[in-house]
Amino acid sequence: MELDKKSKDYEILKKTVFSEARGESKEGQRAVAWVIKNRANQGTKYSKDGTIAGVCLKPYQFSCWNQDQKHLIEQGIKKERHVYDAMDEWLPKVYMNPDPTGGADHYFCPSKIPTPDWVKNCEFKVEIGNHKFYKAKW
């Protein structure tokens, strides 16, 4: 499935991956995109509508969209426009490649936050770059 660059899902996905993983390799950024897709595939478990945008914008799921941080998205894009624009080369086709996370629907960056409590209810899948990826057991 190729994503439409003009869709709301694409715009929100791009901003989320940029904000959450712009310092990572393309593989690390793809992995974050796949976590979002894996959550969307679970329907309304992680969003009201089961869409990619709905998953990204659900409160307290992706810190870049938290009220106290979402203003940083546009600031980051202005500072690193070339990085943001370069994502258009691979992001539309990200879901046409195999999932590098093995079905993960959670991740965190150990260098930024302590291990979250939710890890207890998850199966570790893989470490890619600075992120650890997990799949919920429930």
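# Salt bridges, cysteines and a core

Guide: In this predicted model, lysine 14 and aspartate 88 meet through their side chains in a salt bridge, 3.0 Å from N to O. The pair links distant parts of the chain, with lysine 14 in helix α1 and aspartate 88 in the loop between α5 and β1, 74 residues apart.

Visitor: What makes the contact between lysine 14 and aspartate 88 a salt bridge?

Guide: The cut-off is a side-chain nitrogen of Lys or Arg within 4 Å of a carboxyl oxygen of Asp or Glu. The N to O value here is 3.0 Å, so the pair is within 4 Å and counts.

Visitor: And why is lysine 14 called buried or exposed?

Guide: Lysine 14 has 5% relative accessibility. Buried means under 20%, so lysine 14 counts as buried. Aspartate 88 comes out at 23% and therefore counts as partly exposed, since that class runs between 20% and 50%.

Visitor: How many salt bridges does the structure hold?

Guide: Seven. One of them joins glutamate 80 and arginine 22, at 2.8 Å from N to O. This pair also links distant parts of the chain: glutamate 80 sits in the loop between α4 and α5, arginine 22 in the loop between α1 and α2, and they are 58 residues apart.

Visitor: What makes glutamate 80 and arginine 22 partly exposed?

Guide: Glutamate 80 has 27% relative accessibility and arginine 22 has 28%.

Visitor: Which residue forms a salt bridge with lysine 15, and where do the two lie?

Guide: Glutamate 11 is the partner, with the closest N and O atoms 3.3 Å apart. Both lie in helix α1, four residues apart, about one turn of the helix. Lysine 15 is buried at 13%, whereas glutamate 11 counts as partly exposed at 39%. There's a network here too: salt bridges link Glu11, Lys15 and Glu74.

Visitor: Let's turn to the cysteines. How many disulfides are there, and how do you know?

Guide: The count comes to zero. Take cysteine 56: the nearest cysteine sulfur, that of cysteine 64, is 7.4 Å away. A disulfide needs two cysteine sulfur atoms within 2.5 Å, so cysteine 56 is in no disulfide. Then there's cysteine 122, whose closest cysteine sulfur is in cysteine 109, 17 Å away and therefore too far for a bond.

Visitor: Are those two cysteines buried or exposed, and what makes them so?

Guide: Cysteine 56 has a relative accessible area of 0%, so it is buried. Cysteine 122, at 7%, is buried as well.

Visitor: Which residues touch the most other members in the largest nonpolar core?

Guide: Leu13 and Ile36, out of 39 residues in that core. Several elements supply at least two core residues each, including α1 (8–21), α3 (52–57) and β2 (122–128). The largest share, seven residues, comes from α2.

Visitor: What is isoleucine 36 in contact with?

Guide: Setting aside neighbours within four places in sequence, isoleucine 36 contacts Leu13, Thr16, Val17, Ile52, Val55, Cys56 and Phe62.

Visitor: How do you know that the buried residues of α4 are on the same side?

Guide: The buried ones are Ile73, Gly76 and Ile77. They cover an arc of only 100 degrees around the axis, which puts them on the same side of α4. Lys78 and Lys79 are exposed on the other side. The cover over the buried residues of α4 includes α1 and α5 (81–86).

Visitor: Why is asparagine 38 called buried?

Guide: Asparagine 38 has 9% relative accessibility, and the limit is under 20%, so asparagine 38 counts as buried. Its place is in helix α2. Not counting residues up to four places away in sequence, asparagine 38 touches Asp99, Thr101, Gly103 and Ala104. Asparagine 38 and valine 55 are 17 residues apart in sequence, and their C-alpha atoms are 9.7 Å apart in space.

Visitor: What does the UniProt record say about residues 23–134?

Guide: An unreviewed UniProt entry annotates them as "domain: Cell wall hydrolase SleB". Over that stretch the chain is 32% helix and 12% strand, with the end C-alpha atoms 20 Å apart.

Key. Residues are numbered from 1 along each chain as its sequence is written. This is a predicted model: local features need pLDDT of at least 70, side-chain atom pairs count only at pLDDT 80 or more; totals for chains, interfaces and linings use all residues. Side-chain values use heavy atoms; hydrogens and water are left out. UniProt positions are given in the numbering used here, feature names are shortened, and annotations may be inferred rather than shown by experiment. Buried means under 20% relative accessible area, exposed over 50%, partly exposed in between (1.4 Å probe, protein chains only). A nonpolar core is a set of buried Ala, Val, Leu, Ile, Met, Phe, Trp, Tyr and Cys residues joined through side-chain atoms within 4.5 Å. Contact means heavy atoms within 4.5 Å. The arc is that of the directions from the helix axis to the C-beta atoms.
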